[in-house]
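Morning, everyone. I have one structure to walk you through today. Please bring it up on your screens.

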Amino acid sequence: MAALISFITWLYLIFCRGYYWVSGPWLEKVKGEDAQLKLKKLPKVSIIIPARNEESSIEACLNSLLNQDYKGFYNIILVDDESEDATSAIAKVVPDPQKRLTIIKGAKRPDGWSGKLWAVYQGQKKAFEIIENEDFVFLTDADIVHAPDHISSLVTKAEKNHLDLVSEMVMLNCTAFWEKLLVPAFVYFFALLYPFRKIADQQSSIAGAAGGTVLLRCEKLKAIGGIESLRQALIDDCTLGAYVKKAGGRLYLGMSRQAWSVREYNKLGDIWHMIARNAYVQLQFSPLRLLLAILGMSLIWIVPLMCFFFGKKKTRWVGGTVYAISCASFIPTIRWFNLSIWRVLPLPFVASFYMLATLGSAMQHYRGSGVTWRGRSYERKNNG
């Protein structure tokens, strides 16, 4: 019976929820061939980078953004979010012949704000002095490097398809042992929670974004009340996507090979923390949602394998079929990371790791430590 329920669940995921690997837009790359739109006036782009203790990556990030091929006006606003390292010092000596870069020393974070959003808000105030409604704000992180045509291709995507928010999941580091085993599943589970086609569908309530690459129309940012409207959000990118969609905005979320993270997750604990810091927030701090998530993950990925190995006759066949379907669903992700196909086989064990990290996230919350990131701890907030 459990194997049959798992099979029915997978049919629902594929045909009803619009699961990415059959319904797209998965692996759709924003093309750069015609990136320089033939418009009377190219929109301005203000790039906002919140940075806290990013001395190891800030130089590469800024160099990549200062050397974009975008023919319109663009500027970069780096907000140093109370860094305790040499982030600002390194940024000040990065070559900037066209004087595009402005460095803001972030003010002390007030109560009621998450750290990153407070930094973005300070950058937003500066951006609003420069850009107008028809222009764009581009939000990115200080550990991401961009191809020279990234900004121009994103603007092209937004203008040609009349989009208000264009977001991409950047390439994550996937070279060390634990990264190869566990990091692809991070993208896989995200796409399961936020099917890309559903995000683009105006009739669907599902909304989302990926914080490493968010191009947002200034007019729509003002329409939702600015960054201050989501000041307490701990999952800021998906909250932003939800607010924009509720305001009638059109969204796109896809994958990118034009931007990649240089942050490394060499240790098992690094990946555990990446998952655990937001997992229980995603479940809205609900014990019931936690229980349903654990039961659901067990039913979808673990029960079929157990039925295959320990079941009899029809149970074994159904369990094996469901396990095969789950492995097949993981193939696009593995291919995206240029890894060997055999890496789909340990998916149930990878899912178990994510389940344990989710439980760890809940335990961390109930122990009172809340969400911790970059030396800061946040108490329970309303996530919008």
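Start at one strand pair. Aspartate 80 has lysine 105, in strand S3, as its bridge partner. This is a predicted model, so keep that in mind throughout.

Now back to the pair itself. Strand S2 covers residues 74-80. S2 and S3 pair in the parallel sense, over five bridges.

Is leucine 101 buried or exposed? It has a relative accessible area of 16%. The cut-off for buried is under 20%, so leucine 101 counts as buried.

What does leucine 101 touch, leaving out residues up to four places away in sequence? The list is Leu62, Leu66, Ile76, Leu78, Ala91 and Asp96. One distance to go with that. Leucine 101 and tyrosine 74 are 27 residues apart along the chain, and their C-alpha atoms are separated by 9.6 Å.

A quick reminder for anyone who needs it. Strands of a sheet pair through backbone hydrogen bonds, either parallel or antiparallel.

Both senses turn up around strand S8, so let's go there next. S8 runs over residues 251-261. How many of its 11 residues are buried? Nine are, and the strand is mostly covered.

Take the S5 side. S5 and S8 pair in the antiparallel sense, over three bridges. Valine 145 stands opposite tryptophan 260 in S8.

Now the S6 side. Strand S6 is residues 165-171. Six bridges join S6 to S8, and these two run parallel. Methionine 171 has tryptophan 260 in S8 as its bridge partner.

On to the helices. Two packed helices are described by the angle between their axes and the distance between the axes.

The pair to look at is helix H7, residues 177-193, and helix H13, residues 314-336. Their axes come within 9 Å and cross at roughly 105°. Angles of 65 to 115 degrees count as roughly perpendicular, so H7 is roughly perpendicular to H13.

Which residues make the contact? From H7, they are Pro184, Ala185, Val187 and Tyr188. From H13, they are Ser326, Ser329, Phe330, Thr333 and Ile334. By class, this contact of H7 with H13 has six nonpolar, three polar and no charged residues.

One more residue on H7. Phenylalanine 186 has its place in that helix. Phenylalanine 186 is partly exposed, with a relative accessible area of 28%. Beyond residues up to four places away in sequence, phenylalanine 186 touches Leu172, Met274 and Tyr354. Look at tyrosine 354 in particular. Phenylalanine 186 and tyrosine 354 are 168 residues apart in sequence, yet 8.7 Å apart in space, C-alpha to C-alpha.

Next, two loop residues. Glutamine 284 sits in the loop between helix H11 (268-282) and helix H12 (287-310). Glutamine 284 has a positive phi of about 60°, although it is not a glycine. At 49% relative accessibility, glutamine 284 is partly exposed.

The other is asparagine 338. Its loop lies between H13 and helix H14 (347-366). Asparagine 338 has a positive phi of about 55°, and again it is not a glycine. At 62% relative accessibility, asparagine 338 counts as exposed.

Last item, cysteines. How many disulfides are there? The count comes to zero. Cysteine 218 is buried, with a relative accessible area of 0%. Cysteine 327 is buried too, at 7%.

That's my tour. Over to you.

Terms used:
Residues numbered from 1 in each chain as written. Predicted model: local features only at pLDDT ≥ 70, side-chain atom pairs only at ≥ 80, totals over all residues. Heavy atoms only, no water. Pairing = 2+ DSSP bridges. Helix = DSSP H or I, 4+ residues; strand = E, 2+ residues; numbered from the N terminus. Disulfide = S-S within 2.5 Å. Buried < 20%, exposed > 50% of the residue type's maximum accessible area, 1.4 Å probe, protein only. Axes fitted to C-alpha atoms, helices over the stretch in contact; angles between N-to-C directions. Parallel < 35°, antiparallel > 145°, perpendicular 65-115°, else oblique. Contact = heavy atoms within 4.5 Å. Nonpolar A, V, L, I, M, F, W, Y, C, P; charged D, E, K, R; others polar.
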